[in-house]
Amino acid sequence: MFGASAENLLRQAREVQDDDLQKFCSRISTLLQNKEYNKEVVDSLQKLFLIVSATKYSRTLPRDVLHKLHSTLCFLKAPQPILVLCSAILREVLPCNALTLSCDDVNDMKTVSLLSSIILAQGNKKDAVEALCSRVLKLLESRQAEGQSSRFLVPILSKILDIAPATLNEEQVNAVSKKLVDWLRYASTLQGIPLSSGGFFSPRSRQPASILEVDGAVAGDFFTVLSIGQYYTEDQWLNMHSFSMIRKWLQCFGASGVNSNDADEKSELDSSVMSMVSASSTSSRLMPPKERLREKTFEYCNRLIEQSDRKALKKSDSELQKACLVEAVTLLDLICRQDPLFVYRACPVVKALYGRISSDSGFARVLLPVAQFYLNHSELAAVDSEAVYRHLFTKIPSELYHDTMVAFEFFQFCRRNRKTLSENVGIFHKSFPNLLKFLAWNTPSLFPEFIELLPDLIRPETSIEMLHSLLDLPCLTAALEAQLRLSTSLASEKMITDQSRKTLNSAEAFQDQYCRSMFLYILRVEAGAGDTIDRLSLLHEVLLDVVQRPRVVQCAQTVPILLQVFFNVVTQFADGALINQLVLVILERSSLLYDIPDFKAEVQRVFSSQLMVLCKLYPALIVEQSKELLDFCGAVSNIINKENFFTHVVWAVGEYMSLSYDKRCTVEQITKFFETLEALLFEITQLRASACVPKYSPRVITVLMTTLAKLASRSQDLIPRVSLSLSKMRPFVRSALISSLYSEDDIQEILARANELNNLLKAPNVAQLILGPSADIANPRWYKDTNASLPLTLRTVSKVLQREPAPGFSA
């Protein structure tokens, strides 16, 4: 209902004509002129904002209305809702020639804040941003009048850092850095006093109370965002605002040069001197502003980490502790990157924090910046960080795969550090079964991140296991569904031991001793336990009850794309041994796939294309895997269940079972393949009296005929047998039983191919050249050099193919 109402309002706003808009603006101008800010004014401004913001094109407002909005915005006694609406409307309609905004003569902090949001929304106009920045800094340096607050200006500075940090010069940067030091470190530790209402029981004589810690104790150190009070003073508000932007400020101006993020630009001597000063008891006021800001930020972060160890009385404060820990550790990492000598002071703090939070999964998001700190500084600090990485990659995905925010931040961490993780963290490559849990549960949101991360996870030693894992990804999703459903259900914890009892669903199978080992494998946390499951078909059977779950179906839809990325990476480093293993997996798993609609067909389509790539990359695999290929090609069921993939396998046999590709190819091997495919062709083309005759596509029949002809051209003793098989095609397709199953175009396609192959085999030497060309046939010399034999051969073949049909093929 709300959606329909909102859509109706938007439609009405878009349909407002210019004439009606002008009349409406005239009424608003009159209302603003009278300065009677009642409900009618608020409603009118809300409607005007909806009109100007609902269309893609810019609405033009009368000049007098724009000036009235501007003057209202600068009217200090106007109510806050009116000011916010005026600011929002001007943001939508500016810039325009009718009105130019400036903060040069404005002294009220709230007004500057509202005007700045409009100015900065107009785009990166250098002069306007510089003027605004100068005005903000001038106001910060000036003595504040009663009722004015600098905290309205800090967000403006933060926005300027996003848009144009180079606007600030060195002197301005130093001035703001001094301000930030005072705001961060020297805020009051007493609570603010509420404004007096002027009544008889005025609290003016009441002494201000002390700031408290999250556990209710009186704060014993300086104020931070984790200090609790009922009322806050102005400097305490500035403290909180400063902490929210200090990371951005240090990233822009923390290093030696203005607007620099590279700590290496700072001279080693200056860094050493400043760090020694900060490490000693010498006053930090001797430091330059930037170094002093780093020092005070370091102290602030230590204070936050100490405060986070207190037991919060409120859940909201507990969540705030975790958020502050993330920011504090991130800031420590940034400070250490800008001044490496801080590493020796920060490492004990971070190590103690890790020891405190590692056993609590509720602090999982804090572990990510901790791991980032160790990635950046463990080598300099000479500390062993392997336990941190192992804990991060083994425990967190297993326990928190269903936490979307943790999953997203985990993948962001891996993407940012994938080069370092690939080169220096061994557990990273072995943890892909665990990382796949994040993807299996959060497929739509994490798929883009995982696609980018996948190439860095693929290694030769684990590529076969990863291929199986990608094919089993929908099973992993189903297993996670079963595990979660079991943990939240009232099912008995007693294990089912009666193996004769048929498992009814996946949750029961999860408890069954006979099936539990399969689930333990599919939910493993680390690679190396084996390639795949021996009883994979049984796993598919017990997971059938969740096969239609939306999460399982969504996950299955991504597998073909993941497989494509996997093969693109593997083929860059795969040798003959690995390619042989990949082909064996492809042949085996083409039949062992989770029974999800369209999933099998899509995976087999990828298998078909990648089989061609692997054969071209390593043609000898046809000879080396001849036994497995013979077994595959000899089964009629493979045509029925995976026709497209079967066709590609047969084509590969005919193309690469040749002496020109592998000197180990013998006449005996050619004959075995020939006899297998000959029997298969006979099986699918023989006439049956049964009422139900299976229909095989013309493509399968023509590929089989072509492959037989190719094999016969390499062992010419087989040519008469091929000719006999080809001669049977016309009576097969013209029979009453078969002709009713095929269209006339299909019949002509089969007959034309049989006719061409039969005529070609009448010239065996020509057939060998055409059906089994050498590997260098693609060399342009064969087509451009008039002395080459290929042009002559092509003319000869043309004449052979244009002969009259053989007697067995007469129309």
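## Helix α5

Helix α5 covers residues 80-93, 14 residues in total. From its first C-alpha to its last it reaches 20 Å, close to the 20 Å expected at 1.5 Å a residue; the expected span is 1.5 Å times one less than the number of residues. Helices here are DSSP runs of H or I with at least four residues, numbered from the N terminus.

The buried residues of α5 (under 20% relative accessible area, with a 1.4 Å probe and protein chains only) are Ile82, Leu83, Leu85, Cys86, Ser87, Ala88, Ile89, Leu90 and Val93. Their cover includes α3 (39-53), α4 (63-73) and α6 (109-120).

## Basis of the model

This is a predicted model, in which local features need pLDDT of at least 70 and side-chain atom pairs count only at pLDDT 80 or more, while totals for chains, interfaces and linings use all residues. Residues are numbered from 1 along each chain as its sequence is written, and side-chain values use heavy atoms, leaving out hydrogens and water.

## Helices α20 and α22

Helix α20 (residues 432-441) packs against helix α22 (residues 463-471) at an angle of about 20 degrees, their axes 11 Å apart. The pair therefore counts as roughly parallel (angles under 35 degrees). Axes are lines fitted to C-alpha atoms over the stretch in contact, and angles run from 0 to 180 degrees between N-to-C directions.

Phe432, Pro433 and Leu436 of α20 make the contact with Glu465, Met466, Ser469 and Leu470 of α22; contact means heavy atoms within 4.5 Å.

## Ser626

Ser626 lies in helix α31, residues 626-633. Ser626 counts as buried because its relative accessibility is 15%. Leaving aside neighbours within four places in sequence, Ser626 is in contact with Gln669 and Phe673.

How values were computed. Helices (H or I, at least four residues) and strands (E, at least two) are DSSP runs, numbered from the N terminus. Buried means under 20% relative accessible area, exposed over 50%, partly exposed in between (1.4 Å probe, protein chains only). Angles under 35 degrees count as roughly parallel, over 145 as roughly antiparallel, 65 to 115 as roughly perpendicular and the rest as oblique.
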